[in-house]
Amino acid sequence: MSGINPGAIALIVGGGILGGLFTTPMKWMPSWEWENQWAVYSLFGMLVWPWALVFSTVPDVWQIYADSDTDDILLTALFGAGWGLGSTLFGIGTAAVGNSLGFSIILGLTATLGSVIVMVALHRDALLTPVGVYNLVGLGITVLGLAGCGYAGMRKE
């Protein structure tokens, strides 16, 4: 097991646990408006915790920024802003349809489209190989699951 960083493994496991507990605070704060819950999430999830992790794990972080190309920093900021926009829209979608249905449909659709777009854009030649076919069949099953979640959501109403 040489080369495995226990700290990195702990961060990955911690991130997975926190991802699974994502909606727990919403259950504890039912009287809060969605915007207030999302503001607290945004403050801690997109500002406080990332910077705390950077400063606690990356030595000489300001020198790294000084040595980085300005275009790379701006491109990273642009993609970060896109992620923030997507995160906010995800929250609005979840607030609109509920946590269970929102997570099922939004994250399932995101995973499916993310896999298909990357495969078609970067590995079009692999689509008809056994691995590509298995991937497409798996994505088809995912779409069927999404349809089932949508149907269940409509029946619930």
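Reader: Which helix gives the most to the nonpolar patch?
Author: This is a predicted model, where local features need pLDDT of at least 70, side-chain atom pairs count only at pLDDT 80 or more, and totals for chains, interfaces and linings use all residues. Residues are numbered from 1 along each chain as its sequence is written, and side-chain values use heavy atoms, without hydrogens and water. Helices are DSSP runs of H or I, at least four residues, numbered from the N terminus. Helix H3 (34-57) and helix H4 (61-67) each supply at least two patch residues, but the most, eight residues, comes from H3.

Reader: How much accessible area does the nonpolar patch have together?
Author: Its members, among them Trp32, Phe44 and Ile73, lie on the surface. By the Shrake-Rupley method with a 1.4 Å probe, counting only the protein chains shown as cover, the total is about 1200 Å².

Reader: Is Trp62 buried or exposed?
Author: Trp62 lies in helix H4. Buried means under 20% relative accessible area, exposed over 50%, partly exposed in between. Trp62 has 57%, so Trp62 counts as exposed.

Reader: Where does H3 bend?
Author: The bend is the angle between axes fitted to the seven residues ending at a residue and the seven starting there. In H3 that angle is about 30°, at Phe44.

Reader: Which residues of H3 are buried?
Author: H3 has 24 residues. Its buried ones are Trp34, Gln37, Trp38 and Ser42.

Methods:
Patches are made of residues with over 30% relative accessible area and no salt bridge: like charges are joined within 9 Å, nonpolar side chains (Val, Leu, Ile, Met, Phe, Trp, Tyr) within 5 Å. A salt bridge is a side-chain nitrogen of Lys or Arg within 4 Å of a carboxyl oxygen of Asp or Glu. Buried means under 20% relative accessible area, exposed over 50%, partly exposed in between (1.4 Å probe, protein chains only). The expected span of a helix is 1.5 Å times one less than its number of residues.
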